[in-house]
Amino acid sequence: MTYEEAYKSAKDTLTSAKIADAKIDALYLMLHYLDTDRTHFFMNLKEEIEPNKFEMIKEALKRRCNHIPLQQIIGYTEFMGHKFKVTDDVLCPRMETEQLILEVLRYLKSGMRVLDLCCGSGCIGISLKLANPKVVVDIADISDEALKVATYNAQSLDADVNIINSNLFDNIDSTYDIIVSNPPYIPTGDIETLMSEVKDHEPILALDGGEDGFDFYKKIIKESRLYLADCGFIFFETGYNQGSVINDLLDKAGFLDVKIIQDLAGYDRIACARFSKED
């Protein structure tokens, strides 16, 4: 079978299984298992696929038809220009989280100390360290399995970050200029409404934000005051409709300059605020 024939078959297979972005996913699977890039692929559509590679592509398509996320099938995702390993023990890094990192980078200066709380794959803290190697970055999570993935990513990307097993701040004993977190924020009752790729194949521990979705925000906001340096900043990724509540939580906790920033689609996506010991 040629590249062109296999690509058409892959698109049709994923479309029939009602896979969102079937065309894109088919292409990524082809590129991954053929170990090639887009340019070579589309310039060589009549090239024959080696039988063993074709079998790997067919097996991968079966898994994708079962709604296993593409990133888990190929084992990695591109994020902030870097390749991050992903497994079913961590959330797949998403484009929206890149906006969070870009916002943090507006405030990040050499010599600062940063804490990435609920770090999962480590994509936030590691990306910040790679963007500015002259900052100190701690990344923390309660999940041993997630921290194994984060450790692999830090080592493979040569990012010198400190990895801490901690239930929020339980094992944190430093103060930070910036605390950043993409915590679990899906209301418990909404999890069953999520697409299969998320609810069935990503860790519930990283999704479930409690009955109203705000459990982790409330705990982090309350306790972060003990771990932020004077004039330090806190950043969150938020659910699409959670901005106003998080704004109120930060305001009532005494944080200053509270901002809720929307993504390109106009939905709430980032919360940012400043901490002052004098106020």
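Predicted model: local features only at pLDDT ≥ 70, side-chain atom pairs only at ≥ 80, totals over all residues.
You'll find serine 181 in strand β6, which covers residues 176-181. What does its side chain reach? The backbone oxygen of leucine 117, at 2.9 Å. If we leave aside neighbours within four places in sequence, serine 181 also has a set of contacts that includes Leu100, Leu117 and Cys118, along with Ile220, Phe235, Phe236 and Glu237.

Leu100 takes us over to the helices, as it's one of the α6 residues touching α7. Helix α6 is residues 95-105 and helix α7 is residues 123-131; their axes come within 10 Å and cross at roughly 40°. That's why we call the pair oblique. The crossing of α6 past α7 is right-handed. On the α6 side, the contact has Thr97, Leu100, Ile101, Val104 and Leu105, and α7 brings Cys123, Ile124, Ser127, Leu128 and Ala131. By class, that's eight nonpolar, two polar and no charged.

Now the other pair: α1, residues 3-16, and α4, residues 51-65. These pack at an angle of about 15°, with the axes 10 Å apart. Angles under 35 degrees count as roughly parallel, so that's what α1 is to α4. This crossing is right-handed too. Who meets whom? Ala6, Ala10, Thr13 and Leu14 from α1 meet Phe54, Leu61, Arg64 and Cys65 from α4. That contact has six nonpolar residues, one polar and one charged.

Okay, that's my bit.

Notes. Residues numbered from 1 in each chain as written. Heavy atoms only, no water. Axes fitted to C-alpha atoms, helices over the stretch in contact; angles between N-to-C directions. Helix = DSSP H or I, 4+ residues; strand = E, 2+ residues; numbered from the N terminus. Parallel < 35°, antiparallel > 145°, perpendicular 65-115°, else oblique. Left-handed = near helix turned anticlockwise from the far one by under 90°. Contact = heavy atoms within 4.5 Å. Nonpolar A, V, L, I, M, F, W, Y, C, P; charged D, E, K, R; others polar. Polar contact = N/O pair within 3.5 Å; in protein donor to acceptor, adjacent residues only side chain to side chain.
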